[in-house]
Amino acid sequence: MNAATPGSRAASAQPIVLIVDDEPDLLELVSLTLSRMSFRTRTAPDLETARRLLKTESFDLCLTDMRLPDGDGLDLVAWIQENRPTVPVAVITAHGNVESAVRALKFGAFDFVSKPLDLGVLRKLVGSALKLRAAADTQTTAATLTGPRLLGGSPVMEQLREMIARVARSQAPVHISGESGTGKELVARMIHESGARREGPFVAVNCGAIPTELMESELFGHKRGSFTGAIADKKGLVQSAEGGTLFLDEVADLPLHMQVKLLRVVQEKTVRPVGEAREESVDVRILSATHKNLADLVAQGLFREDLFYRINVIELRVPALRERSEDIPEIADAILERLARRAGTAAPRIAEDAIRTLQGYAFPGNVRELENVLERALTLSTGGEITAEHVRLRSAARPAGAEPSPPGTAAAPAAVEAGAALGSHLESIERDAIIKALEKTRYNKTAAAKLLGMSFRALRYRIKKLGIE
């Protein structure tokens, strides 16, 4: 085989995979499997040979065993990250040695596969890796320009975008932390759209909105007759994400018995539908998010420590809006453009005094609250301009930089403005309470009604009457 300088091979050439292992039987098995997929292979029995080949030839993927005669597979993962960062590298681990796999993912490995090799899993892994390499070669990872995007040029947002681009090149589980309303699902969608799985489905699951008794069936599916009411086979949400990304929002709300089952999905890449005797293999990337502190929940015994370490291989923190107040003008303009487009009108101008008012507010509800504030201001404004008098903020929220209220202190309701009608003031308070309950329950109306102490029907009537979307 003729050697080529790295990167010199034409994009249309037959993909080539480097396999690093000192077991001749495994090398032959993997080489044969990949040749049937129309891939060329090169083999290396140790680290030294692998490094030499990587320096002189161009590869689309590297598969390496963890134990090699002259070192650790992690050493090769680290070397590739430093010297050939565009080459995805996956590790072959001993059966059940998940700790090694997690360490490899933290070092920058694309994915892992366990011995004895499941050839179906291997084929999917190689396919995903080659899609990622093709995206890097053609720079299509800029898909975020036409797909979901994060607004703001503050340093913390630039850092977040850089981290998203980095983790998109991996299949490692990512945990996204941040307060409610900061845009955690948007970050998850960006990771999906920027990675090798962007052509697959993105399935978002709100773990706090599924009743406990239905959770296993919803996530993993069930077989006909497995319980009363199971009149047909049903595919679970995990299987629906096959070939794509499963986003577990509010993962901290998973009950402990479901945490055990999720751990198996992450470790073994298998699921067992309710009533099914055999497990099914699944190819999904796990992203998760919560506004709670998972480490604290682990310490309290409310979240499994082993699951915490499996889903928290890489952590991304989405900053609160008050930490990047310089981004508010850009975000506000984009929100008003969207609201005006929905209403079929021209977007209003937002005055400097309104911007200053917004930037001086702490926004406990973050970007979601900013959108509610601007939607109300747009309704109140006239003449195509939003000024400070149109910006109605919750008095209960402390200003940016102010000291928090002592624990247990209730915030006083906003005083009625002079000349304001009592009915409209009460409606404003009621609207704020309903919006707050909906935000707290992730827009689950049944849960919000329970939180507000009213029936679902009554809440639905109030939502319609007050014009809440």
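Author: Let us begin with Phe 363, which is placed in the loop between helix H14 (352-359) and H15; helices (DSSP H or I, at least four residues) and strands (E, at least two) are DSSP runs numbered from the N terminus. The model is a predicted one, in which local features need pLDDT of at least 70 and side-chain atom pairs count only at pLDDT 80 or more, while totals for chains, interfaces and linings use all residues. Residues are numbered from 1 along each chain as its sequence is written, and side-chain values use heavy atoms, with hydrogens and water left out.

Reader: Why does Phe 363 count as buried?

Author: The relative accessibility of Phe 363 is 1%. Buried means under 20% relative accessible area, exposed means over 50%, and partly exposed lies in between, with a 1.4 Å probe and protein chains only. Phe 363 therefore counts as buried.

Reader: What makes Tyr 361 and Phe 363 an edge-to-face pair?

Author: An aromatic pair requires ring centres within 6.5 Å (rings of Phe, Tyr and Trp, the last by its six-membered ring); planes under 30 degrees apart are stacked, over 60 edge-to-face, and the rest tilted. The structure holds three aromatic pairs. One of them joins Phe 308 and Tyr 309, whose centres are 5.2 Å apart and whose planes stand at 65°, so this pair is edge-to-face. Tyr 361 and Phe 363 form another edge-to-face pair, with 4.6 Å from centre to centre and 85° between the planes.

Reader: Which residues does Arg 376 contact beyond its sequence neighbours, and why is Arg 376 called buried?

Author: Arg 376 lies in helix H15. Its relative accessibility is 17%, and it therefore counts as buried. Contact means heavy atoms within 4.5 Å. Leaving aside neighbours within four places in sequence, Arg 376 is in contact with Arg 392, Arg 431, Asp 432 and Ile 435. The side chains of Arg 376 and Asp 432 are joined by a polar contact of 3.0 Å. A polar contact is a pair of N or O atoms within 3.5 Å; within protein, one must be able to donate a hydrogen and the other to accept it, and residues adjacent in sequence count only if both atoms are side-chain atoms.

Reader: What lines the second largest pocket?

Author: The lining comprises 24 residues, of which Gly 183, Leu 186, Arg 338, Val 367 and Glu 371 lie nearest the centre. The pocket holds about 740 Å³ of space. Gly 183 lies in the loop between strand E8 (174-177) and H7 and is partly exposed, with a relative accessible area of 23%.

Reader: How many cavities are there, and what makes a space a cavity rather than a pocket?

Author: On a 1 Å grid over the protein atoms alone, a cavity is a set of points where a 1.4 Å probe fits but cannot get out, whereas a pocket is an open set with protein on both sides within 12 Å along at least five of seven lines; lining residues have an atom within 4 Å of a point. The search of the whole structure finds three cavities of 30 Å³ or more. The largest cavity has about 320 Å³ of space, a volume being the space filled by probe spheres set on the points, with points joined across faces, edges and corners. It is lined by 26 residues, and Asp 111, Phe 112, Val 266, Lys 269 and Val 284 are the closest to its centre. The lining of the largest cavity divides into 15 nonpolar, four polar and seven charged residues. In this scheme Ala, Val, Leu, Ile, Met, Phe, Trp, Tyr, Cys and Pro count as nonpolar, Asp, Glu, Lys and Arg as charged, and the others, Gly among them, as polar.
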